[in-house]
Amino acid sequence: MRKLLAFGSLLAMILLFSNMTVDNVQPKKPDGEKIYKQYCVTCHGLRGDMGVSGAANFVESKLKLDERIKVITNGRNNMASFKALLDKDKIKAVAAYTMTLTKN
């Protein structure tokens, strides 16, 4: 009976963990491009150069990553703060994505 109970417990653990993948164990990193397209494209444009209502032109921007994180978090001029809408990881992902729109 003990062997059967031990075998059953082992089998249950195997079945439980066999359904787990890396995605289930580790949180997925936010997709900065996807978040940008959802929240930012209306004013900044798909390529970051639209400039509606005074929105920054990312193609010409000289802001560094940490400065962009601050602007997205706290807002600036006509841009609203996103700290209540996006967590820190999502804000950082969006800021990093905007860096890819800048031409050096």
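What you're looking at is a predicted model, where local features need pLDDT of at least 70 and side-chain atom pairs count only at pLDDT 80 or more, while totals for chains, interfaces and linings use all residues. Numbering runs from 1 along each chain as its sequence is written, and side-chain values use heavy atoms, leaving out hydrogens and water.

**The overall picture**

- The chain has 6 helices and 0 strands (DSSP runs, numbered from the N terminus: H or I for helices, at least four residues, and E for strands, at least two).
- Follow the sequence along and you get α-α-α-α-α-α.
- The chain has 104 residues, and 24% of them count as buried (under 20% relative accessible area; exposed is over 50%, partly exposed is in between, with a 1.4 Å probe and protein chains only).
- Take the contacts (heavy atoms within 4.5 Å) between residues at least 6 apart in sequence: 46% of these join residues at least 24 apart.

**Helix H6 itself**

- H6 covers residues 88-101, so to speak its 14 residues reach 21 Å from first C-alpha to last, close to the 20 Å expected at 1.5 Å a residue (that is, 1.5 Å times one less than the number of residues).
- Its buried residues are Ile-91, Ala-93, Val-94, Ala-95, Tyr-97, Thr-98 and Leu-101.
- Helix H3 (32-39) and helix H5 (65-74) are among the elements covering those buried residues of H6.
- At the start of H6, Asp-87 puts a side-chain oxygen within 3.1 Å of the backbone nitrogen of Asp-89.

**Two H6 residues to look at**

- Asp-89 belongs to H6 and is exposed, with a relative accessible area of 53%.
- Asp-89 and Pro-30 are 59 residues apart in sequence, yet their C-alpha atoms are 6.8 Å apart in space.
- Lys-92 comes out as partly exposed, at 49% relative accessibility.
- Leaving aside residues up to four places away in sequence, Lys-92 touches Leu-65 and Ile-69.

**Ser-61 and its partners**

- Look for Ser-61 in the loop between H4 and H5, where this serine counts as buried at 13% relative accessibility.
- The side chains of Ser-61 and Arg-68 are joined by a polar contact of 3.3 Å (a pair of N or O atoms within 3.5 Å; within protein, one must be able to donate a hydrogen and the other to accept it, and residues adjacent in sequence count only if both atoms are side-chain atoms).
- Ser-61 touches Thr-102 as well as Arg-68, again not counting residues up to four places away in sequence.

**Loop residues with a positive phi**

- Ser-53 isn't a glycine, but it has a positive phi of about 55°.
- You'll find Ser-53 in the loop between H4 and H5, and this residue is exposed, with a relative accessible area of 53%.
- Asn-77 isn't a glycine either, and its phi is positive too, at about 50°.
- Asn-77 sits in the loop between H5 and H6 and counts as exposed, at 76% relative accessibility.
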